[in-house]
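Here are my notes on helix packing and charged pairs. Please read them with the structure open.

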Amino acid sequence: MANINEVEFIWKNGELIPWADATTHVLSHSLHYGSGVFEGIRCYKNPDSDRSFVFRLREHMERLHRSAKMAAIELPYTVDELCDATVEVIRANKLPSCYIRPLVYRGYGVMGVDPTGAPTDVVIACWPWDAYLGADALENGISVGISSWRQRSINAIPPAIKATGAYFNSIMAKMEARAHGYVEAIMLNEQGLVCEGTGENIFVVRDGILSTPPLSDGVLEGITRESVMILADDLEIPCLEESLTRSDLYVADEVFMTGSAAELTPIGSVDERVIGKPGDITKRLQDKFFEVAYGKDDEYADWLTEI
């Protein structure tokens with residue numbers, strides 16, 4: 001669980017409004033049918049200066065647009081406008097670092113499964129948020145379990161859409177994992193192959209080779225996932241997209257999760273099979289990721305939006 005720390009403003013439908021005024025009607029379509037799309041983004045403060053950077057902001061807003069298009073939700077703001085609004089709301093709240101949540105949802109006006117005629121509401125909220133999976137997770141790793149809940153089929157709710165309703169599946173898996181004493185869950189797809197966590201992509205290392213499930217196995221096209229693959233290539237770490245079984249997790253030398261909230265979190269055990277402390281490849285990628293996110297590597301300056 002991660003509590004929300006209130007700040008002053010939220011951006012909604014083109015303007016900054018007080019946090020407490022960012023409300024919506026109880027009969028809004030998306031509240032009843034899950035017909036919204038969203039993003040999760042982080043802003044990092046350089047520890048050696050007063051500079052702050054949003055990590056891959058444009059790529060997130062481009063994905064938000066793709067999600068809206070696939071979900072047939074009219075998004076009335078351009079990528080540039082959404083990027084500018086993000087900078088605006090972070091500055092208004094005077095946040096040196098934060099988590100950012102853009103949300104596009106169908107508002108009040110119609111009821112029933114058919115959303116035709118429902119207006120589109122767009123919000124961008126931000127607040128301080130530390131390590132998503134626990135204070136020592138990034139350093140020591142977490143315990144995970146394979147969930148009994150399967151990830152949705154690619155012909156049910158397309159995994160390419162970062163949809164609000166799709167995460168009910170993740171909620172069920174997360175609650176089950178916590179009930180069993182795990183920090184996080186890993187879901188298999190309908191074919192029994194490793195898919196993803198409740199909000200993260202999965203990587204394994206075996207014999208010096210990094211592997212992650214392909215998009216065709218039903219995983220979200222994660223932006224942190226893509227970033228790690230690019231960084232691995234630049235660090236000359238062999239990286240493959242290949243289908244994985246749960247047995248591949250049990251015998252891996254290293255396993256870690258990636259995501260905007262989770263960042264790059266090592267996994268110490270899977271179903272009580274010990275993986276161990278974060279390994280060399282995990283630590284190299286983790287160090288490089290944060291070096292880039294904190295604005296310490298000019299080679300990746302185009303990934304950052306300065307606040």
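1. Start with arginine 225. This residue is buried, because its relative accessible area is 5% and the cut-off for buried is under 20%. Keep in mind that the model is predicted.

2. Arginine 225 has a partner. It forms a salt bridge with glutamate 241, and the closest N and O atoms lie 2.6 Å apart. The pair links distant parts of the chain, 16 residues apart. Arginine 225 sits in helix α6 (residues 223-234), and glutamate 241 in strand β13 (residues 239-241). Glutamate 241 is partly exposed, because its relative accessibility is 44%.

3. Next, the pair of glutamate 263 and arginine 42. They form a salt bridge, with 3.7 Å between the closest N and O atoms. Glutamate 263 belongs to strand β15 (residues 263-270), arginine 42 to strand β4 (residues 41-45). These are distant parts of the chain, 221 residues apart. Buried or exposed? Both glutamate 263 and arginine 42 are buried.

4. Now the packing of two helices. Helix α2 (residues 57-70) packs against helix α3 (residues 79-92) at an angle of about 130°. Their axes are 9 Å apart. That angle makes α2 oblique to α3. The crossing of α2 past α3 is right-handed.

5. Which residues make the contact between α2 and α3? From α2 come Leu57, Arg58, Met61, Glu62, Leu64 and His65. From α3 come Val79, Asp80, Leu82, Cys83 and Thr86. By type, the residues of this contact divide into 6 nonpolar, 2 polar and 3 charged.

6. The side chains of arginine 58 and aspartate 80 meet in a salt bridge, 2.1 Å from N to O. Arginine 58 lies in helix α2 and aspartate 80 in helix α3, so the pair ties together parts that are 22 residues apart in sequence. Arginine 58 counts as partly exposed, because its relative accessibility is 36%. Aspartate 80 also counts as partly exposed, at 43%.

7. Last, the wider tally. How many salt bridges does a search of the whole structure find? The search finds 13. Salt bridges also link Arg56, Glu59 and Glu226 in a network. As background, side chains of opposite charge can pair when their charged atoms come close.

Terms used:
Residues numbered from 1 in each chain as written. Predicted model: local features only at pLDDT ≥ 70, side-chain atom pairs only at ≥ 80, totals over all residues. Heavy atoms only, no water. Axes fitted to C-alpha atoms, helices over the stretch in contact; angles between N-to-C directions. Helix = DSSP H or I, 4+ residues; strand = E, 2+ residues; numbered from the N terminus. Parallel < 35°, antiparallel > 145°, perpendicular 65-115°, else oblique. Left-handed = near helix turned anticlockwise from the far one by under 90°. Contact = heavy atoms within 4.5 Å. Nonpolar A, V, L, I, M, F, W, Y, C, P; charged D, E, K, R; others polar. Salt bridge = Lys/Arg side-chain N within 4 Å of Asp/Glu carboxyl O. Buried < 20%, exposed > 50% of the residue type's maximum accessible area, 1.4 Å probe, protein only.
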